[in-house]
Amino acid sequence: MNRQNAKLTSGIDWPIVGLYLALVIIGILCIFAAEHREGDPLWYNIIHVNKSFSKQMMWFGISMILATGIWLTDSKFFTATANLFYAFGIFLLILVIGLGRDVNGSHSWLVIGGFQFQPAEFTKVCTNLALAKYLSMLETDFKKLRPRLIAAAIALVPAVIIIAQQETGLALVYFSFFLVMYREGLPGVLLVIAFSAAVLVLSALLVDNKKILFIVFTVIALLVGYFMRRQIRRKRSILVLIVAIWAFCSAFVMVVVPFAFTKVLKDYQVKRIYVMLGKDDDPKATYNTRQSMIAIGSGGLLGKGYLKGTQTRYDFVPEQSTDFIFCTIGEDFGFVGSIIFLAIYVALLLRIIQVAERQRSTFSRVYAYGVASIIFFHLFINVAMTIGLAPVIGIPLPLVSYGGSSMMTFTILIFIMLRLDADRQMVLR
């Protein structure tokens, strides 16, 4: 019997399993703290089936069943069915547009048998598998433009459909796959272009008089042209490039950004971005972020103690068991507790990267980097959101925030990676 058990668990990466369980347990305890109120019988929140704490325990149990099923599955199954999973994920996203239910202003939920879930969460798994499948194909030469465009399309098609469901936050997560592509050979210049575009957007939002930006761009272009005059004489295409960049930057801040903020984004999304940039002092728009920062700041160095957070007990922070779960940690356990908590995530990410780098198979390596990228993106945006460094866009904290869709998605992501890692001596395509 012991030999059978040893064979069953052979190859599993226990550090990742331990970190996974640590985050889940912390999440369940934080959800309990977010719901517990002074004077409530302690066992009431534990056994009450309608409490988020009890539901999260149920989702964790279901996730463990899924994890066991994944562990018992042959690794070749995931490579063989990657494209089918992707097609199924896209089908679910399209189905949501017609049959979905609105929840908190987002038309991204399906209801099946009394349970509701977000296909946008599950499709992250499908997209990760499909991207790993494509990049591991022998005929894929990622140094060429066409394969790069196809890989980008694999990542962005779900994002476009999700944006149509008014779930911009989850749609942005799909851009994390570009980190994977960068690891696989995407030119660094594209990251520079992306960073430059972000700077242009911030400039357009922070500077009200767009003529000033136009003048700045013109002066910079003239100075660059002056200092490169010798190279321009030898090669006229440099001048064309300078003029093209000047025209693009000017058009971007004077036309593209204003159009996006007036015609594409919703009013509440624009308001949240302006709040983040300090350009909107509307108390209603800033309420969530202000209360979140107050809760975290009130924890001080060591925190107020578990179940003793006043911001939590008196419902000052909205959505505290989901998007703002980090507030509970900051208030109850303080700066030190928050650092230790974030260190668990850092340890998990570093371990996943280590697992990715030891793979013989491109499929397994790309998939593992996809898992790391998704977790990193969720972690960074969620924490930045709670401390006022990012707009509130409804991205949950992996394995910690309340939610069955999120819990099961991250469990599936991690345990498929563990299954592939256990067979890392195989070359999967």
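The legends below describe several close-up views of a predicted model.

Residues are numbered from 1 along each chain as its sequence is written, and side-chain values use heavy atoms, with hydrogens and water left out. Because the model is predicted, local features need pLDDT of at least 70 and side-chain atom pairs count only at pLDDT 80 or more, whereas totals for chains, interfaces and linings use all residues.

**View 1. The whole protein.** The protein has 20 helices and three strands, where helices (H or I, at least four residues) and strands (E, at least two) are DSSP runs numbered from the N terminus. Of its 429 residues, 48% count as buried, a word that stands for under 20% relative accessible area, with exposed meaning over 50% and partly exposed in between (1.4 Å probe, protein chains only). Among contacts (heavy atoms within 4.5 Å) between residues at least 6 apart in sequence, 71% join residues at least 24 apart.

**View 2. Arg148 in helix 8.** Arg148 belongs to helix 8, which covers residues 145-164. Arg148 is buried but has no salt bridge, and Asp141, the nearest side chain of opposite charge, is 7.5 Å away. A salt bridge would require a side-chain nitrogen of Lys or Arg within 4 Å of a carboxyl oxygen of Asp or Glu. The side chain of Arg148 does, however, reach the backbone oxygen of Phe142 at 2.8 Å. When neighbours within four places in sequence are left aside, the residues in contact with Arg148 are Phe142, Lys143, Gly185, Leu186 and Pro187.

**View 3. Ala197 in helix 11.** Ala197 sits in helix 11 (residues 188-206), and Ala197 counts as partly exposed because its relative accessible area is 28%. Although Ala197 and Phe252 are 55 residues apart along the chain, their C-alpha atoms are separated by 8.7 Å.

**View 4. A nonpolar patch on the surface.** Phe214, Ile215, Val219, Leu223, Tyr226, Phe227, Met254, Val255 and Val256 form this patch, and together they have about 870 Å² of accessible area, computed by the Shrake-Rupley method with a 1.4 Å probe, with only the protein chains shown counting as cover for residues. A patch of this kind is made of residues with over 30% relative accessible area and no salt bridge, whose nonpolar side chains (Val, Leu, Ile, Met, Phe, Trp, Tyr) are joined within 5 Å. Helix 12 (210-227) and helix 14 (236-264) each supply at least two residues of the patch, and the largest share, six residues, comes from helix 12. Val219 lies in helix 12 and is partly exposed, since its relative accessible area is 42%.

Note on methods
Lys, Arg positive; Asp, Glu negative; His and termini not counted. Polar contact = N/O pair within 3.5 Å; in protein donor to acceptor, adjacent residues only side chain to side chain. Patch = residues over 30% accessible without salt bridge, like charges linked within 9 Å, V, L, I, M, F, W, Y side chains within 5 Å.
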